[in-house]
Amino acid sequence: MTQDAPEPAGLRVLVVEDDESIAAALVRGLGRAGYLAEAAGTGAQALEADARSAADVVLLDLGLPDVDGLEVCRALRARGDAAIIVVTARGEEPERVAALDSGADDYLVKPFGYAELFARIRAVLRRMQPSTRETVRHGRLVIDPRSHRVSVEGREVALTPREFDILECLALDPGRVVSRQEILERAWDAHWYGPTKVIDVHVVSLRRKLGDPTLIETVYGKGFRLGDPR
Ligand code: CA
């Protein structure tokens, strides 16, 4: 099991953007990255394109010529399970909030670069991966993602949801160092821009509950990893 998002190859991205030059550039960039991208210039075209071949990810500019982008967002959300990333202008927080409330999975603020675009796409795809998660055994530690149960040497440990998420995040790829930022993105939400130190408090409590401080190692300046199984 790894923490990787699915490979871009074969994933369909629908770019909903009425500015043709921006749309064309996005389609080109996504194509170079391996995605199957197509553009729609209006809300109606977007819904039509999605009906023709269901998109995995929809990049949705909210400022459309025909209908309110939020309506398109709600319609897409009602009909399928595409990941929806809305694109908004800087400073339009109420619009971003409304978009998230209308079923968007994430948002991008214009102007944005390809690196951020690809990272957001990877993040929404990771979050959407079906929970075919199996029980993880790491030495004396057993984590059951389905029942949210954790035990150490057969002794059940009661964790808060956040502690569980942090532990699961580390256990998905035991031994790998997971950065604080990555933990924040997976166990908090992608919109946390506060200090990553917030994790440390939970890790301290997690170690105490697990009863063995060596189960979670701090890798100085890098993050955390699960300790070697014993
Ligand atoms: Ca627009």
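The C-alpha centres of domain 1 and domain 2 lie 32 Å apart. Domain 1 runs over 12-127 and domain 2 over 136-226, with bounds from an automatic or database domain assignment. The C-alpha atoms fill a box of roughly 60 × 35 × 30 Å along the principal axes.

A word on the source. This is a predicted model, so local features need pLDDT of at least 70 and side-chain atom pairs pLDDT 80 or more, while totals for chains, interfaces and linings use all residues. Residues are numbered from 1 along each chain as its sequence is written, and side-chain values use heavy atoms, with hydrogens and water left out.

Now the fold. There are eight helices and twelve strands. These are DSSP runs numbered from the N terminus: helices are H or I, at least four residues, and strands are E, at least two. Buried residues make up 43% of the 230 residues. Buried means under 20% relative accessible area, exposed means over 50%, and partly exposed is in between, with a 1.4 Å probe and protein chains only.

Take Y107, in strand β5, residues 106-110. Is Y107 buried or exposed? Y107 is buried, because its relative accessible area is 13%. V87 is 20 residues from Y107 in sequence, but their C-alpha atoms are 5.7 Å apart.

Next, salt bridges. The whole structure has 15. The criterion is a side-chain nitrogen of Lys or Arg within 4 Å of a carboxyl oxygen of Asp or Glu.

E38 pairs with R52, closest N and O atoms 3.2 Å apart. E38 sits in strand β2 (residues 36-40) and R52 in helix α2 (residues 43-52), 14 residues apart. E38 is partly exposed at 26%. R52 is exposed at 56%.

Which side chains does R140 meet in salt bridges? One is E153, at 4.0 Å, N to O. R140 is in the loop between β6 (136-138) and β7 (141-144), and E153 in the loop between β8 (149-152) and β9 (155-157), so the pair ties together parts 13 residues apart in sequence. Another is D212, at 2.5 Å, N to O. D212 lies in the loop between α8 (198-210) and β11 (216-219), so this pair ties together parts 72 residues apart in sequence. D212 is buried at 9%, E153 is exposed at 60%, and R140 is partly exposed at 24%.
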